[in-house]
Amino acid sequence: MPDPGVAIVGATGAVGRTMLAILEERNFPLSSLRLMASARSAGRVISTRWGEVSVEDLATADPAGIDIALFSAGGGRSREYAPGFATEGAVVIDNSSTFRMVSEVPLVVAGVNDHALAAHEGIIANPNCTTMALMMAAGPLHRRAGLSHMVAMSYQSVSGAGMTGMDTLWNQTAALSHQREALVQGGWEATEQPPFPRPIAFNVVPLAGGMAEDGHTDEEWKLVNETRKILERDDIAVDPTCVRVPVLVGHGISASMWFDSPLEVDAALNVLEKAPGVEIWDDARVATPLDSAGRDPVLVGRVRPTIGAPGGISLWVVGDNLRKGAALNAIEVAELLL
Ligand code: A2P
């Protein structure tokens, strides 16, 4: 394929900006770059490695000439515009949840299930950011031993909720940092709240996403359904809890996994050491979200045997949700297409 024309849809958002940064870092071989967002941003000029680019209003942008469109402007925009871009000849790599569970749409974690890409019909889905980080470890272990059951607790940063999420944490932290006594004894007052249901600064919110079936949130159901689709096994039992924490970037997941037959820690470490895009951190280093921010690899630590129900593996995974969890994976998929 000659160098493709690339568009970032949602270019002014948290993920869109990271997409641009990663295209630049990797000197992605593109013939033209277009940036699109809402009418609010139209006309804004962004300086890029390929020159100054004026942001276009998605609603009026002509998709002709775009070969690869990286969409991260929210599910509604993907639903409305991605099929039209694909009809005009672009391959859409979509970061929203809109098409993830559509059977003809591949759901790809680069390095884990690249083979699924071959079947695409113009739209490829990028998995949910929490699922993505977890699959970087669970995928290779599954290939080795057959994943049958997983209990996963996420510790998700606010950037999973976009720029608004980051602004909310920042502003609330400023407002609450003047109320130290009230934070200890009660009586605090937080100003901004959305997009989170409870204050997020100095706090932990054990409900990420919107409430869905069986007392689980849509975010938790993504972990269940996307895990099964990516690992191509419909009967994997997944018990998820998704929690929002006052961290700007980096989603952590604490998971216990059981396989078709018992898996020893040494064997698991042996698999994880060879897994692409994974860095093992030992207990002396303690991989945290701050360590993951701005880095491509997903960090894996605390690898240990399950002790309540022996035979499984417990571990901690943390990754930059804007990078491998979103923008980086989309660009790795684009590179695989080339
Ligand atoms: P804009 O900055 O013009 O609002 P985030 O989730 O990090 O806030 O990013 C959302 C991205 O999606 C932004 O680039 C935002 O553009 C874009 N976006 C939001 N609503 C629309 C819309 N109606 N049409 C096109 N782009 C949109």
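The questions and answers below concern a predicted model, taking its strands, a pair of helices and its ligand in turn.

Student: Do strands β13 and β14 run parallel or antiparallel?
Tutor: Strand β13 covers residues 298-305, and strand β14 covers residues 313-319. Five bridges join the two strands, and Arg 304 stands opposite Ser 314 in β14. The direction of this pair is antiparallel.

Student: Which residue in β13 does Glu 279 stand opposite?
Tutor: Strand β12, made of residues 278-280, is joined to β13 by three bridges, and these two strands run parallel. Across from Glu 279, the residue in β13 is Leu 299.

Student: At what angle do helices α3 and α6 pack?
Tutor: Two packed helices are described by the angle between their axes and by the distance between those axes. For α3 (residues 129-145) and α6 (residues 218-231), the axes are 10 Å apart, and the crossing is right-handed. The angle is about 35°.

Student: How many residues of the contact of α3 with α6 are charged?
Tutor: Residues of α3 that include Leu 134 and His 142 meet residues of α6, among them Glu 219, Lys 222 and Glu 226. The residues of this contact divide into five nonpolar and five polar ones, and the number of charged ones is three.

Student: How far is an oxygen atom of the ligand from an N or O atom in the side chain of Thr 12?
Tutor: There are 15 residues around the ligand, and Thr 12 is one of those that come nearest. An oxygen atom of the ligand is also 3.1 Å from a polar backbone atom of Gly 10, and one is 3.0 Å from a polar backbone atom of Met 163. For the side chain of Thr 12, the distance is 2.6 Å.

Conventions. Residues numbered from 1 in each chain as written. Predicted model: local features only at pLDDT ≥ 70, side-chain atom pairs only at ≥ 80, totals over all residues. Heavy atoms only, no water. Pairing = 2+ DSSP bridges. Helix = DSSP H or I, 4+ residues; strand = E, 2+ residues; numbered from the N terminus. Axes fitted to C-alpha atoms, helices over the stretch in contact; angles between N-to-C directions. Left-handed = near helix turned anticlockwise from the far one by under 90°. Contact = heavy atoms within 4.5 Å. Nonpolar A, V, L, I, M, F, W, Y, C, P; charged D, E, K, R; others polar. Near = heavy atom within 4 Å. Polar contact = N/O pair within 3.5 Å; in protein donor to acceptor, adjacent residues only side chain to side chain.
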